[in-house]
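Please keep the sequence and the structure in view while reading.

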Amino acid sequence: MGRLSGLRITPVILLAALLSGAGALGLQVTWTRRLAISLGHELPALLGVVTVFFLGLGLGGWWGEGAVRRARRPGRLAAGIELGIAGWALFTVPLISWFNDCIPGWRGPHPGATGQWLPAFLAPTLALLPATLGIGAMFPITGHLLQMQGSVRPLARYYAVNTAGALVGVILALCWWQPAWGFPTTTVLAAALHGLAGMAFLCTVRIPGSPPVSLTTPRRTRRTPALWLLAFSGLLGMGFEVVEVRLLSMVLGGTVYSYAVILGLWLAGTATGAALWSRCRTAPWQWLPWALAGALVAAGWGLARLPLGLETARASWGSGFAATTLAEVFATASVMFPVTLLLGAWFSELLDRAVADGFGAGHALAANTLAGAVAPAAFGAILFPWLGSRFTWLTLIAGYLALGCWHDRRIGRSGQATVWMGLGVALVAVLVIPRELSLVHGPPGARVVWNREGAADTVTVWEYPDGNRSLTVDNRFAMGGTAATNAAARHAHLPLLMHPQPRRALFLGLGTGLSFAAAGDHPDLVAEGVELVPEVVAALPQFSPYNRLRPGLEVVTGDARCFVRSLTNRYDVIIADLFHPDRDGAGWLYTREHFAAIRSGLNPGGLACQWLPWFQLDATARAAIIRAWSAEFPGSEAWLLRWTTVDTPVVGLVGWKDGVPLARRLHPVQDTPPGLRERLRICGLSDDWQFWGCWLGMASDLLPATATDISPMNTDEHPVAGWTAARRADRARQEYLDELLNLLPRVGAQPPRDWLEVDPVRWGGFRQARNDYLRGLAAAVRGRREESDQWLWASAAASSDFPSAYSHLLSEAMAELRTRPAAARERLRRLALIRPDKPVAQELMNRIEGL
């Protein structure tokens, strides 16, 4: 084939490589998320999918090397493989759905080591291995086709273009296709990209199959160190990706979009490095291992300062989603882009050297990716929890220093110079890499009393000057604290009081364990609490005695979704605690399938409660969750956790196994034993009005007026709430508060359906007083003192059954007594006038006048 034909065919091959890379990464991020539905987010599941994917790439590269040597028409082989990948990808749509239905039953609620590790590797192997073998095989085949067209450094060129396509695939899948249409449609679209790549490769069927000498035929005797260099580099490169994703998630927030930023920058850097290597022939590439060690030292130094830099960028560019994402991109790129650029160039250099030593491109890829498959377990599961972030980072630097020494020895560079260079970089690393590389930054005035870096999360316990403690995960997600002990107790008390006689309860999500411990106040109740993060369970003693567990309360470490879907016990009450919806993976805790599993785990007459962080959900996410809940629990209700705090409103969705409560206590507080009644009084549930007053109305009334039957519903295959919550996480809490205040007048106009003895007029007065009180608190939060007073006085006058406004105004009068005695007396006089049935204000006024 002439040169002109080669020039025409080369762009087609590169276009096919671009499409193939986009489809491969689109499938990877989709398969990973779909398999997490059943495998969960525990360590075996996280390791299984990544390991199998890299295993398939390595084995596929090895097989592809032999296949391209035997093929008479490698273009036809490439087209067939790409079309086969597309076909298998389409088959994984029902296959993974079947796995997701079957795996929870196979594992059971309390799986042992075999029950955790076997499905975590078996399911990805059966689902992903055929396609990943094909993806790996395309590396040597495409390199062969480019070489036959006279392309200079074809492997580096293919790697650069294919990786650039992978970047496109990540952006399309994570930022457009998955949020808009869900996982099955994304799989189809990614498969279509492979199909287009296959069609493009059909244009290359005339390229002969005789292997080019410089690519697949040994030029001289093979030297094994070439593959060992590739393997060690693959281990370190993948180890760096594991560690930097782990650390950056603490700064960027751990949302699906922050993961897209990290993965996108990784791909952009390696693609750029490979492209530069393929063009800059005179650059001193033999210094790359040393440059990588130095770049890691600089990146470690920059990581410790990344939170401040990111905060400055966000303050300069605004708080919108686009501005925040742009700030994250630039801040993260300043730290990791130089390292990834060098990694792309170094991998290309090693590929060229391996081929020059007589190895095929597929063999080189196999050595690199098979070693890289070990990195998630080695660095993520072993070194990071054992050594901590700082020493794991130093281990990576030491690894590249060792690689540089090995490489220098291989090319015959002076050993003495190598030793001094390595010692110099190591000394700088020890001095520059800070101890605070874990990036734990707490609230002002708080100090760390307990911190543990696990394989997937960093858990920290903070203590404040007043002695209270709080819990954070990954430096961002607040899991409660002792200052809110009474509010945490209400998470347990309210749902348990709705059941006439709860005997067995299940809590999904523990956090500080304060809510779970409150369940122990209910006599004869047996309860289990499920917590995903092992380090959170280990931190529970830090909150003693507030969360002391009595006998009968059992803590289970595991994934809440997997636990619920494999239940063998049945419960009277299931309580799903607050889950941060913007955290990657949390959206599956609000899906219809998960709610269906919760309902199936209830006894007849049982009820379930899902607490929603109203201040973290926009209207779209709330509607998606409420529609999913209502589909499984028709006739469900909405309850307000408490009305004493408006900056972080929490709403509970309550539904019954049978659609309506078969029985309910008419006097849930009054009829409780004395010990429990005292605990209820402490957390603000002193009488039945305080209990029933938390009732907002029917859950369907919370849907916005624009919500329809075709609006998105949160499902396993399309967890829309996670994406929308992550996009809207930077909204001011006042916006969420306004949405709640605007909702109050149109919900709960009628009394609760089971409180038969309440007078509708009396209920209307109580409801008006509660709503006015919330508006008064909201005005105070905004600094509108006069408006706040107006709403509080209106609340106090509206109902004698609602004491909060009266108590609030009384406290303000006592606070003003020393500084503004006349104003205090006027406030007391007015209180006594509008609420003559409450004698406290009049008694205080009489006492003041008698002094």
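A crossing of two helices is called left-handed if the near helix is turned anticlockwise from the far one by less than a right angle, and right-handed if it is turned clockwise. The model discussed here is predicted.

Two packed helices are described by the angle between their axes and the distance between the axes. For helix 25 and helix 26 (residues 785-798), the axes come within 8 Å and cross at roughly 165 degrees. Angles over 145 degrees count as roughly antiparallel, and helix 25 and helix 26 are therefore roughly antiparallel to each other. Their crossing is left-handed. On the side of helix 25, the residues that meet helix 26 are G765, A769, D772, Y773, R775, G776, A779 and A780. Their counterparts in helix 26 are E787, S788, W791, L792, A794, S795 and A798.

Helix 20 (residues 619-632) and helix 23 (residues 720-727) can be read in the same terms. The axes of helix 20 and helix 23 come within 8 Å, with a crossing angle of roughly 160 degrees. Helix 20 and helix 23 are therefore also described as roughly antiparallel, and their crossing is left-handed. Here T620, A621, A624 and I625 of helix 20 meet V720, A721 and T724 of helix 23.

What is the handedness of the crossing of helix 8 and helix 10? The crossing of helix 8 and helix 10 is right-handed. Helix 8 spans residues 225-252 and helix 10 spans residues 288-317; their axes come within 11 Å and cross at roughly 25 degrees. Since angles under 35 degrees count as roughly parallel, helix 8 and helix 10 are therefore roughly parallel to each other. From helix 8, the residues F240, L247, L248, V251 and L252 take part in the contact. They meet L296, L303, L306, P307, L310 and R314 in helix 10.

The next topic is the aromatic rings. Rings of Phe, Tyr and Trp are paired if their centres lie within 6.5 Å, and by this rule the count comes to 24 aromatic pairs. One of them is formed by W689 and F766, with 5.0 Å from centre to centre and 35 degrees between the planes, which makes the pair tilted. W689 lies in helix 22 (residues 688-692) and F766 in helix 25 (residues 760-781), so the pair ties together parts that are 77 residues apart in sequence. Are the two residues of this pair buried or exposed? Buried means under 20% relative accessible area. W689, at 10% relative accessibility, therefore counts as buried. F766, at 0%, likewise counts as buried. W689 and F766 also belong to one aromatic cluster, together with W643, W695, W763, Y773 and F802.

The charged end of R622 sits over the ring of W614, at 4.0 Å from its centre. K838 lies over the face of Y806, with 5.9 Å to the ring centre.

Some loop positions remain. T672 is placed in the loop between strand 11 (650-656) and helix 21 (674-682), and counts as buried because its relative accessibility is 2%. Apart from neighbours within four places in sequence, T672 is in contact with L497, R665, R677 and L680. G585 is in the loop between strand 8 (571-576) and helix 19 (592-600). At 13% relative accessibility, G585 also counts as buried. The C-alpha atoms of G585 and T255 are 8.3 Å apart in space, while the two residues are 330 apart in sequence.

The peptide bond from S544 to P545 is cis, with omega near 10 degrees. P545 is in the loop between helix 17 (534-538) and strand 7 (553-557). D474 is not a glycine, but has a positive phi of about 55 degrees; D474 lies in the loop between strand 3 (469-473) and strand 4 (477-481). D524 is not a glycine either, and its phi is positive at about 70 degrees. The position of D524 is the loop between helix 16 (514-518) and strand 6 (526-531). D474 is buried, with a relative accessible area of 5%, whereas D524 is exposed, with a relative accessible area of 57%.

Technical notes:
Residues numbered from 1 in each chain as written. Predicted model: local features only at pLDDT ≥ 70, side-chain atom pairs only at ≥ 80, totals over all residues. Heavy atoms only, no water. Phe/Tyr/Trp six-rings, centres within 6.5 Å; stacked < 30°, edge-to-face > 60°. Helix = DSSP H or I, 4+ residues; strand = E, 2+ residues; numbered from the N terminus. Buried < 20%, exposed > 50% of the residue type's maximum accessible area, 1.4 Å probe, protein only. Lys NZ or Arg CZ within 6 Å of the ring centre and 35° of its normal. Contact = heavy atoms within 4.5 Å. Axes fitted to C-alpha atoms, helices over the stretch in contact; angles between N-to-C directions. Parallel < 35°, antiparallel > 145°, perpendicular 65-115°, else oblique.
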